[in-house]
Amino acid sequence: MRVLLAGGGTAGHINPALAIAGEIRAHDPDAQILFVGNPKGIEAKLVAKAGYDFSPVDARGFSRSLSPKGIVYNMGALRRVLTATGQAKKIIERFQPDIAVGTGGYVSGPALRKAAKMGVPIVVHEQNAYPGVTNKMLAKSSKCVMLAVADARKHFEGDATFEVTGNPLRREILQYTRAKAREEMGIPEDELLILSFGGSLGADRINRAAADLIAWCYKLKNVRIIHGTGRAGYSWTVPLIESKGVPLNRAENIDVREYIDDMARCMAAADLVICRCGAITLSELQAMGKASILIPSPNVTENHQYHNAMTLVKRDAASLIEDDKLTGETLVNAVKEVLSTPDRLKKMGERAKETAILDASERIYRVIARVVNQNR
């Protein structure tokens, strides 16, 4: 099997593609897999680290700004679409894929459009509850549109074939248990652990609200919190927390980090998670059965993080605080509310687990294999 994989721009697009590639190799060790993406994008680094072949396509996204600067930027982006299409054509002619798989992002647009026009069957995978523009466009020529959640179907037009597969997840997310994680971290079974973070770069509003939450937790017994400030937030969040009376170097129940590099373990150990609503993060919460307070980022296209969050909120598997309503007070009150009812955390976690799809990678592989076999 020869598979062309296209997706990038963010880790949220490339990590599912890498998980798909790994599943293909697990079933077919001789499969030939080629990634296409922006040579300056995060995909180039992550694909190389994973050991897969990579061919560059010089594409970039469009700006939503109608300012003069935004218009000039979009003119350049439009020119690059034409360049990227030509590059994709040469890659496809050389590689001769049996199938092209797109996981979203501006990179996958020109590659999969050209593949479809050249007679290569294409399939796309949509990670979010509200689909991106690229995948909505590609759906019209796809043999199958694979959805992380059924709620996304209503946002697509046309009569393409749809299949709910879930989001492919890292193996450690599926294998870590709360007991194992706590044993490794030295956290007592009866302590309440809160995990909070705003992403690798951090989120100012979350960091400021978390400072008040940390000050509240510091005074409590049997409550512990791990907070990831992100790279851009550590230098000012630490002194902010300490200004609220928390001596971080002596506070045994407070763990503030710039980056959480053992996320699978921390999430497995946690009782309550406070975070943004990226598609993969939510799928991890579901797989691990974690109660959560979700804070959608306002800086994403089509407000898709809000739609992601609502797939859990409407099932009472999570609580939600809109970003513009987030303060230290609202966050502390939300945590108090979740903790106020006996067994609330447990029930929220159970409902989250009920929505999880744990065999997503296998489902996606079956779709790919089916389409390839039908085209032979």
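Glu184, Asp255, Arg257, Asp262 and Arg265 are tied into a network of salt bridges, a salt bridge being a side-chain nitrogen of Lys or Arg within 4 Å of a carboxyl oxygen of Asp or Glu. By this rule the count comes to 23 salt bridges. The model is a predicted one, in which local features need pLDDT of at least 70 and side-chain atom pairs count only at pLDDT 80 or more, while totals for chains, interfaces and linings use all residues. Residues are numbered from 1 along each chain as its sequence is written, and side-chain values use heavy atoms, with hydrogens and water left out.

Lys89 pairs with Glu93, with the closest N and O atoms 2.6 Å apart. Both sit in helix H3 (residues 68-95), four residues apart, or about one turn of the helix; helices (H or I, at least four residues) and strands (E, at least two) are DSSP runs, numbered from the N terminus. Lys89 counts as partly exposed because its relative accessibility is 36%, the cut-offs being under 20% relative accessible area for buried, over 50% for exposed and in between for partly exposed (1.4 Å probe, protein chains only). Glu93, at 40%, is partly exposed too.

Other pairs reach across the sequence. Asp151 meets Lys314, the closest N and O atoms being 2.9 Å apart. Asp151 lies in the loop between strands E6 (144-147) and E7 (162-164) and Lys314 in the loop between helix H12 (304-313) and E13, so this pair ties together parts 163 residues apart in sequence. For Glu163 and Arg370, the closest N and O atoms of the salt bridge are 3.3 Å apart. That pair links strand E7 with helix H15 (residues 360-375), 207 residues apart.

Turning to the sheets, six strands form an open sheet in the order E10-E9-E8-E11-E12-E13, with parallel pairing; two strands pair if DSSP finds at least two bridges between them. The edges are E10 (254-257) and E13 (319-320), each pairing on one side only. Strands E8 (residues 192-197) and E11 (residues 272-275) run parallel over three bridges, and Leu195 stands opposite Val273 in E11.

Strand E1 (residues 2-6) is mostly covered, with four of its five residues buried. Five bridges pair E1 in the parallel sense with strand E2 (residues 32-37), where Gln32 is opposite Arg2. E1 also runs parallel to strand E4 (residues 99-102), joined by four bridges, and Val3 has Ile99 in E4 as its bridge partner.
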